[in-house]
Amino acid sequence: MGGATNCPETPRQKMIGMMYIVLTAMLALNVAADILNGFTMVEESLRVNIQGSESRNKTLYLKFEDLNGQNPAKVGEWLDKANLVKKESDALYNQIQDLKLQIVQTADGPEGTLDHIEARDNLDAAGRVCLDEGLGQGKVIKAAIEKYRDILLTMVPSDTAKVSLLKRTIDMGDVVGHDGVTVLPWEIATFEMMPVAAAITMLSKIQADVRNMEGDVVNHLKSMVDADDFRVNKIEAVVIPNSKYVIRGAKYTAQIVLAASDSTQKPEVFIGGNPETGTGGTLV
């Protein structure tokens, strides 16, 4: 303390100290701006991803409708399930879109838009909308996402790979904090003290997952239309005589049919309950 009294800072030293503080603050602002710009770039990439998924899904639904026009008795059941997936996907996507807009307008005012976010660094808006008493949109959207995931799981019960993918992709479980110890509910980890740009990007990521999972599940349902059909790659005429013997001068009769076969598959043949492993001979 005595040293500080006997050797007060000169005006030049005070100016240097002040400049250091200002430069440090500017550096921090620049880092924050870079991070926010990164979120903006990811957000734009997600929008492109979503547009691509929606285009593919639209084509998939058109093909499904075409199949139903050819054979409604066979396709109708699966098309109904596909339409349910579409309905639930659109509903959740729009619900998330509304939440994103609500966060942005809380930060930028009622005129705020998702196309141009002014207060990208606002740390309060996402928490106010999603965590404050009386609003609590975080728990609402979490429940909606979990309900959507469970509906999709009922569409692919026998496909263990898709079941696992759905559970991993749409995981709303608790999140371990940065300290590696604290466990936070999903909504708190996602929205508490989160910059608007980050919250919007994370919600867009969920929207992208919704569109991708929608396409995967509908494609699975479409494949179930002909899951029990035989695959063939060869069609040929086959002559089936009515008799094994032909007598000179007698009338020869036979059935001529078109037979379809798959040359890439070896059929399993059983005789008297025992598998036939031979490669030749006549079966009688």
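Residues are numbered from 1 along each chain as its sequence is written, and side-chain values use heavy atoms, with hydrogens and water left out. Because the model is predicted, local features need pLDDT of at least 70 and side-chain atom pairs count only at pLDDT 80 or more, while totals for chains, interfaces and linings use all residues.

The protein contains 8 helices and 6 strands. Helices (H or I, at least four residues) and strands (E, at least two) are DSSP runs, numbered from the N terminus. Along the sequence, these elements follow the pattern α-α-α-α-α-α-β-β-α-α-β-β-β-β. Of the 284 residues, 29% are buried; buried means under 20% relative accessible area, exposed over 50%, and partly exposed in between (1.4 Å probe, protein chains only). Contact means heavy atoms within 4.5 Å. Among the contacts with a separation of 6 or more, 64% join residues 24 or more positions apart.

Helix α3 (residues 72–108) packs with helix α5 (residues 137–155); their axes come within 11 Å and cross at roughly 165°. The two helices are therefore roughly antiparallel. Axes are lines fitted to C-alpha atoms, for helices over the stretch in contact, and angles run from 0 to 180 degrees between N-to-C directions. Angles under 35 degrees count as roughly parallel, over 145 as roughly antiparallel, 65 to 115 as roughly perpendicular and the rest as oblique. The crossing of α3 and α5 is left-handed, a term for a near helix turned anticlockwise from the far one by less than a right angle (right-handed if clockwise). On the α3 side the contact includes L84, V85, L92, I96 and L99, and on the α5 side it includes V140, I141, I145, Y148 and L152. The residues of this contact divide into 13 nonpolar, 4 polar and 2 charged. In this classification Ala, Val, Leu, Ile, Met, Phe, Trp, Tyr, Cys and Pro are nonpolar, Asp, Glu, Lys and Arg are charged, and the others, Gly among them, are polar.

Helix α5 also packs with helix α8 (residues 196–224), at an angle of about 15° and with the axes 10 Å apart. These helices are therefore roughly parallel to each other, and their crossing is left-handed. Here I145, Y148, L152 and M155 of α5 meet I206, V210, M213, E214, V217, H220 and L221 of α8. By class, the contact has 9 nonpolar, 1 polar and 1 charged residues. V210 also has its C-alpha atom 8.9 Å from that of D90, a residue 120 positions away along the chain. D90 lies in α3 and is partly exposed, with 23% relative accessibility.

The whole structure holds 1 aromatic pair. W186 and F191 form this pair, which is edge-to-face, with 5.7 Å centre to centre and 90° between the planes. Rings of Phe, Tyr and Trp (its six-membered ring) pair if their centres lie within 6.5 Å; planes under 30 degrees apart count as stacked, over 60 as edge-to-face and the rest as tilted. Both W186 and F191 are buried.

M193 is located in the loop between α7 (186–191) and α8. This residue is not glycine, yet its phi is positive, near 50°. M193 is exposed, with a relative accessible area of 52%.

N122 is placed in the loop between α3 and α4 (125–130). Leaving aside residues up to four places away in sequence, N122 touches A107, M194, P195 and V196. The C-alpha atoms of N122 and M194 are 7.9 Å apart, although 72 residues separate them along the chain.
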